[in-house]
Amino acid sequence: MSEPRQYDSIDALEAHRAQLDAQWMRHAFDIAEAAQRDLDEIPVGAVLLDPDGKVIGEGGNRNRCDHDPTAHAEIVALRQGGTRLGNHRLVGCTLYVTLEPCAMCAMAMIHARLARVVYGAADPKTGAAGSVFDLLADPRHNHRVEVTGGVLAEEASRRLTNYFRAKRGRALLP
């Protein structure tokens, strides 16, 4: 393992973190696009990194093609990560996902002891990371997950909106 990178200021550290968040969110967009293109799934993608920043899990939505209501992108990525690590605990790991997690996915993150989740678009109907519910920060849990929301939110939202507009035969947003 290499030496930790040194930063001149908190601002430099935060700028670097924001740059990494955007990079991994774009990777999650690619996964979402593949789920839509290859499986005609709702385009949600997730990528799971270990504490050293290595990819240990990826997933796009698979609930339609697998006939599995639990096969959300986050769950697919968490399952891969658990298998890769040989552990149901994903301590120190970060999950990037294009859409705010639902209650099922949020609770899976808590049970996995995930360190951090970064999401793109907020979900005003079922979001459980602050939009409708705030399960990840609920003090009644014995573990809380750090949340960073709104990373490339406009693009994430537009991608989802365009998927549903195309399904309904409506004009796509630019």
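Trainee: What does Leu114 touch, leaving out residues up to four places away in sequence?

Mentor: Leu114 touches Leu48, Leu78, Leu90, Cys93, Thr94, Leu95, Met109, His143, Arg144 and Val145, where contact means heavy atoms within 4.5 Å. Bear in mind that this is a predicted model, where local features need pLDDT of at least 70, side-chain atom pairs count only at pLDDT 80 or more, and totals for chains, interfaces and linings use all residues. Residues are numbered from 1 along each chain as its sequence is written, and side-chain values use heavy atoms, with hydrogens and water left out.

Trainee: Why is H3 called roughly parallel to H4?

Mentor: The axes, lines fitted to C-alpha atoms over the stretch in contact, with angles from 0 to 180 degrees between N-to-C directions, cross at roughly 25 degrees and come within 9 Å. Angles under 35 degrees count as roughly parallel, so H3 is roughly parallel to H4.

Trainee: Which residues make that contact?

Mentor: H3 brings Glu74, Ile75 and Leu78, while H4 brings Met104, Cys105, Ala108 and Met109. They divide into six nonpolar, no polar and one charged, with Ala, Val, Leu, Ile, Met, Phe, Trp, Tyr, Cys and Pro counted as nonpolar, Asp, Glu, Lys and Arg as charged, and the others, Gly among them, as polar.

Trainee: What makes Ile31 count as buried?

Mentor: Buried means under 20% relative accessible area (exposed is over 50%, partly exposed in between; 1.4 Å probe, protein chains only). Ile31 has 12% relative accessibility, so it counts as buried. Ile31 sits in helix H1 and touches Gly45, Ala46, Val47, Glu58, Gly59 and Gly60, not counting residues up to four places away in sequence.

Terms used. Helices (H or I, at least four residues) and strands (E, at least two) are DSSP runs, numbered from the N terminus. Angles under 35 degrees count as roughly parallel, over 145 as roughly antiparallel, 65 to 115 as roughly perpendicular and the rest as oblique.
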